[in-house]
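Reader: Could we go through this model together? I would like to start with the backbone and then turn to the charges.

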Amino acid sequence: MKRPGKILICYLLAAACILSGVQTTTDSAAVAAYGGRAVLKKKKIAIDAGHQLHANHKMEAVGPGSSVKKPKVTGGASGAATGTPEYRLNLKIAKRLQKILLARGYEVYMVRSTNNVNLSNKQRALRANRSGADIYIRIHADSSVSSSARGASMLYPSKSNRYVKRLSAPSKRLSKCILKQYCKKTGFQSRGLIKRDDLTGTNWSKIPVTLIEMGFLSNRSEDRKMQKKKVQAKMAKGIADGIDAYFGY
Ligand SMILES: [Zn+2]
């Protein structure tokens, strides 16, 4: 009596494994489940919320094989009116963006999900590379000595970038798509696309990469705006719309 019982259990387990295997295959091929509903499965997006609770001023190479070094991760800006540190705003928007993208059927890889991490810009790029993501979005806010400076810009690697020149064209197109939709959604001024070849987190990337400067924390009114939940929802939605536009969804 014992043997048939064991065999039956084995059969049941095997059937369960096969069924769950089939289910997983079907899911990953066509749909992604989100909030109990099925949505069309899209690309994978790596998101890095720039900076962290404590800066790390140890040095690292600005790109593969480079002798030029920069601090691993700087402190970032802080709100002129609200005092909000950039790392906190960046993570808030990153998390909102994550939610929107998942709801739209994207896969999302978050480089960080808390503020108290110790991740250099190079490590962040390597994480994004390893995640299997199709594109890498770096979320930042700007700062200037001029308190009237305002608006959003996108930083991408140029065609003459020593490390990632092959990523220049798609990164530029990605930047353009996001900036357009972001400014449309938020009403923020567009400061345009800016070529930057000195950014460690960009130079170590192996996938199209862009860094959004969402607005100026050094501008009192823009700082206040960016802390409002309603505006934050628009900021994240604008970035998501830009990603949709880039992939043609
Ligand atoms: Zn920053």
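Predicted model: local features only at pLDDT ≥ 70, side-chain atom pairs only at ≥ 80, totals over all residues.

Reader: What is the phi of histidine 51?

Author: Its phi is near 70°, a positive value in a residue other than glycine. Most residues other than glycine have a negative phi.

Reader: Is histidine 51 buried or exposed?

Author: Histidine 51 counts as buried, because its relative accessibility is 8% and the cut-off for buried is under 20%.

Reader: Staying with β3, where is isoleucine 47, and how far is it from valine 111?

Author: Isoleucine 47 belongs to strand β3.

Reader: Now the salt bridges. How many are there?

Author: The count comes to seven salt bridges. Side chains of opposite charge can pair when their charged atoms come close.

Reader: Which residues are linked in a network?

Author: A network of salt bridges links Lys42, Arg104, Lys237, Asp241 and Asp244.

Reader: Within that, which residue does lysine 42 pair with, and at what distance?

Author: Lysine 42 forms a salt bridge with aspartate 244, and the closest N and O atoms are 3.9 Å apart. This pair links distant parts of the chain: lysine 42 is in the loop between β2 (37-40) and β3 (44-49), whereas aspartate 244 is in helix α7, 202 residues apart.

Reader: Are those two buried or exposed?

Author: Both lysine 42 and aspartate 244 are buried. For aspartate 244 the relative accessible area is 13%.

Reader: What about aspartate 244 and arginine 104?

Author: Aspartate 244 also forms a salt bridge with arginine 104, with the closest N and O atoms 2.7 Å apart. Arginine 104 lies in the loop between α2 (86-103) and β6 (107-110) and aspartate 244 in helix α7, so this pair ties together parts that are 140 residues apart in sequence.

Reader: And why does arginine 104 count as buried?

Author: Arginine 104 is buried because its relative accessible area is 19%, and buried means under 20%.

Reader: What about arginine 196 and aspartate 198?

Author: The side chains of arginine 196 and aspartate 198 meet in a salt bridge, at 2.7 Å from N to O. Arginine 196 is partly exposed, with a relative accessible area of 30%, and aspartate 198 is partly exposed as well, at 32%.

Reader: Which element gives the most?

Author: Helix α4 gives the most to the positive patch, with five residues. Lysine 172 lies in this helix and counts as partly exposed, at 39% relative accessibility.

Reader: A change of topic: how many disulfides are there?

Author: The count comes to zero disulfides. A disulfide is a covalent bond between the sulfur atoms of two cysteines.

Reader: And cysteine 177 and cysteine 183, buried or exposed?

Author: Cysteine 177 is buried, with a relative accessible area of 15%. Cysteine 183 likewise counts as buried, at 12% relative accessibility.

Reader: Two last contacts, please. Where is leucine 97, and how far is it from alanine 233?

Author: Leucine 97 is in helix α2 and counts as buried, with 0% relative accessibility. The C-alpha atoms of leucine 97 and alanine 233 are separated by 8.5 Å, and the two residues are 136 residues apart along the chain.

Reader: And arginine 224 with threonine 82?

Author: Arginine 224 is in helix α6 (residues 220-226). From C-alpha to C-alpha, arginine 224 and threonine 82 are 6.5 Å apart in space and 142 residues apart in sequence. Arginine 224 is partly exposed, with a relative accessible area of 43%.

Terms used
Residues numbered from 1 in each chain as written. Heavy atoms only, no water. Helix = DSSP H or I, 4+ residues; strand = E, 2+ residues; numbered from the N terminus. Buried < 20%, exposed > 50% of the residue type's maximum accessible area, 1.4 Å probe, protein only. Disulfide = S-S within 2.5 Å. Salt bridge = Lys/Arg side-chain N within 4 Å of Asp/Glu carboxyl O.
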